[in-house]
Amino acid sequence: MSWLYADQGNSRIKWRLSRGDQTVAGVALTPDELAETLRSAGAWPTGVALASVASDAGLQRWEKAFSGCRFWYAQVRKTLQGLKVAYSRPDTLGVDRWLAMAGGWQCYRGQAYAVVDAGTAITFDVVAADGEHLGGWIAPGVRLLTQAVESGMARVQSAAPNLAAGLGRNTQACVAAGLGVQLAGMIREAEAYLAERRIRRLLLTGGDALLLKGACRGNVECIHVPDLVLDGLEWVHRVEMPE
């Protein structure tokens, strides 16, 4: 059976298709676009394992685009294979955060680690060596920060964050430097938090992970894992639905 693993975020879909020993992967904007890509390539899946922040209507679009496929929807579990969620109501934890932690747990079980997922929001979650999720942070991501500048500050044009800008000498350069300082500050606070507790591993994923990795000072080991959510999705699916 061939499974399509898909992570539906706020702005894009990351996907991976596993067929035996072969794997193909990519990015799409909509379920219809992804379905057409796979159909044209002769790589139609028999099942879809989906992690999604979409509404019920959004899920219906998936089921329509992949009509005839078996569906499995990722859900946050209070505990799984020793990984334990901190929330008293696990269903209120974002499934992408859960899967990123699960992706880390499958690789580093028995060792403490943390995850930064840099997407629309930037999230930070810490997992102890015994699998206990200690909690986390949520902050606006790069796109939300730049949109806030454009929508909330009259006659100020936004700019891409620059973590190495120093002091700006025009308004746009100042914005770029200021956004860079905000983002770098979060990563360095995360590093300091982990170093104080002797947690030595920070996994970075999401579309802006490499930008944030540039702010790491080396207090902990910062590791870029671009497909961490998909890794977690595939692992959780295989645990819950062994063939």
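**Contact between two domains and selected local features**

Between domain 1 and domain 2, the count is two salt bridges, a salt bridge being a side-chain nitrogen of Lys or Arg within 4 Å of a carboxyl oxygen of Asp or Glu. The model is a predicted one, in which local features need pLDDT of at least 70 and side-chain atom pairs count only at pLDDT 80 or more, whereas totals for chains, interfaces and linings use all residues. Residues are numbered from 1 along each chain as its sequence is written, and side-chain values rest on heavy atoms, with hydrogens and water left out.

The domain assignment divides the chain into domain 1, covering 2-73, and domain 2, covering 79-232, with bounds from an automatic or database assignment. Taken over C-alpha atoms, the centres of domain 1 and domain 2 are separated by 26 Å. To the contact (heavy atoms within 4.5 Å), domain 1 gives 11 residues and domain 2 gives 10 residues. The area buried between domain 1 and domain 2 is about 810 Å², and 55% of it is on carbon and sulfur atoms; buried area is the accessible area (1.4 Å probe) that two parts lose on being put together, summed over both. In domain 1, the residues that lose the most area to domain 2 are Asp-7, Lys-14 and Arg-16, which together account for 49% of what that side buries.

Lys-14 also takes part in a salt bridge, its partner being Asp-227, with 2.8 Å between the closest N and O atoms. On the side of domain 1 that touches domain 2, the elements giving two or more residues are strand 1 (3-8), strand 2 (13-19) and strand 4 (47-52), where strands (E, at least two residues) and helices (H or I, at least four) are DSSP runs numbered from the N terminus.

In the structure there are nine salt bridges. One of them joins Asp-231 to Arg-16, with the closest N and O atoms 2.7 Å apart. Asp-231 belongs to helix 7 (residues 228-240) and Arg-16 to strand 2, so this pair ties together parts that are 215 residues apart in sequence. The relative accessibility of Asp-231 is 22%, which counts as partly exposed, while Arg-16, at 12%, counts as buried; buried means under 20% relative accessible area, exposed over 50%, and partly exposed in between (1.4 Å probe, protein chains only).

Another salt bridge links Asp-125 and Arg-97, the closest N and O atoms being 2.6 Å apart. Asp-125 is part of strand 9 (residues 121-127) and Arg-97 is part of helix 3 (residues 95-108), so parts that are 28 residues apart in sequence are tied together by the pair. Asp-125 is buried, its relative accessible area being 2%, and Arg-97 is likewise buried, with a value of 6%. Through salt bridges that share partners, Arg-16, Asp-231, Glu-234 and Arg-238 are joined into one network. The side chains of Asp-91 and Arg-89 also meet in a salt bridge, at 3.3 Å from N to O. Asp-91 is exposed, with a relative accessible area of 58%, and Arg-89 is exposed as well, with 51%.

Two threonines illustrate other surroundings. Thr-146 is located in helix 4 (residues 142-152) and is buried, with a relative accessible area of 15%. When residues up to four places away in sequence are not counted, Thr-146 touches Ser-158, Ala-159, Pro-161 and Leu-179. Thr-30, by contrast, is situated in the loop between strand 3 (22-28) and helix 1 (31-40), where it is partly exposed at a relative accessible area of 35%. Between the C-alpha atoms of Thr-30 and Gly-119, which are 89 residues apart along the chain, the separation is 17 Å.

Backbone angles deserve a brief note. Most residues other than glycine have a negative phi. Gln-81, although not a glycine, has a positive phi of about 50°; its place is the loop between strand 6 (79-80) and strand 7 (83-84), and with 43% relative accessibility Gln-81 counts as partly exposed. Arg-198, also not a glycine, has a positive phi of about 60° and belongs to the loop between helix 5 (171-196) and strand 11 (201-205), where its relative accessibility of 69% makes Arg-198 count as exposed.
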